[in-house]
Amino acid sequence: YLFENVPVDDYQVHIVKPEDHRVDAETKPAEVTDRVVTEVDFHLIRQELPIAVAGGPYTGSIGAPVMLDASGSHDPDGQIVTYQWDCDNDGTYELTTTSPTMEHTWNDVYDGPIGLLVTDNDGLSATDTATVEIAVSGQGLCGDLDADGDVDGDDRNILISALNTHTGDAGFIPEADYDGDGLISYNDYRVWYACYKAFIAP
């Protein structure tokens, strides 16, 4: 940077660096003498954004871990330091890890996108998305407990009748144990209701 017609004095020159650049120093001293022109040198280096690759598509079952793999992500001029996952597409990256791979378990039926946010050692970030389909294990039609080809009040009554039963109890229905914990609970009902809503959706 060149300065002209500045009063003689000692100055601190501050640079506002362009986005996606780093600089050798943000502030440097400048001694202005009786010369007409004073020069202060800053060295700018352009930073490259990381590349996010969310992998997929992923498939799995309720209650079973799914391995998310972002190992295709990389940083051209450094390294990725954090991987963050948004597993329900609500805009919040609720899972953070320093590893490109991690397991996540869904407790509900889910069919849609998930998000990946990677951040490199310069603090720069990039995003990507992948698709996920999480279904009920071992069941042809999600929520169809009486196997009649639909999801309706009859299936709801079957599940309600089995509430609070454990594996081995009379009335326990393995197909209604959506989370696989050996107990038919309102968490299983919540999963069934999601199946029902998906079935009746236009």
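**View 1. Leu117 is a buried residue of the predicted model, with a relative accessible area of 17%.** Buried here means under 20% relative accessible area, exposed over 50%, and partly exposed in between, with a 1.4 Å probe and protein chains only. Residues are numbered from 1 along each chain as its sequence is written, and side-chain values use heavy atoms, with hydrogens and water left out. Because this is a predicted model, local features need pLDDT of at least 70 and side-chain atom pairs count only at pLDDT 80 or more, whereas totals for chains, interfaces and linings use all residues. Leu117 lies in strand S12, residues 110-120; strands (E, at least two residues) and helices (H or I, at least four) are DSSP runs numbered from the N terminus.

**View 2. The surroundings of Leu117 include residues from other parts of the sequence.** Apart from neighbours within four places in sequence, Leu117 has contacts (heavy atoms within 4.5 Å) with Thr82, Tyr83, Gln84, Tyr93, Ser125, Ala126 and Thr127. Between Leu117 and Ala70 the C-alpha to C-alpha distance is 9.9 Å, with a separation of 47 residues in sequence.

**View 3. An open sheet of 5 strands contains S12.** The order is S7-S13-S12-S9-S10, with mixed pairing; two strands pair if DSSP finds at least two bridges between them. Strand S7 (58-61) and strand S10 (95-97) form the edges, each pairing on one side only. On average, neighbouring strands of this sheet are turned by 25° against each other, direction ignored; the axes are lines fitted to C-alpha atoms, and angles run from 0 to 180 degrees between N-to-C directions. Strand S9 (residues 80-86) runs antiparallel to S10 and is joined to S10 by 3 bridges. Tyr83 stands opposite Thr97 in S10.

**View 4. The largest pocket has a volume of about 190 Å³.** A pocket is an open set of points on a 1 Å grid over the protein atoms alone, where a 1.4 Å probe fits, with protein on both sides within 12 Å along at least five of seven lines; lining residues have an atom within 4 Å of a point. Grid points are joined across faces, edges and corners, and the volume is the space filled by probe spheres set on the points. Of the 13 lining residues, Val109, Ile134, Ala135, Cys142 and Ala198 are the closest to the centre of the pocket. S12, strand S13 (125-135) and helix H2 (186-200) each supply at least two lining residues, and H2 gives the most, with 4 residues.
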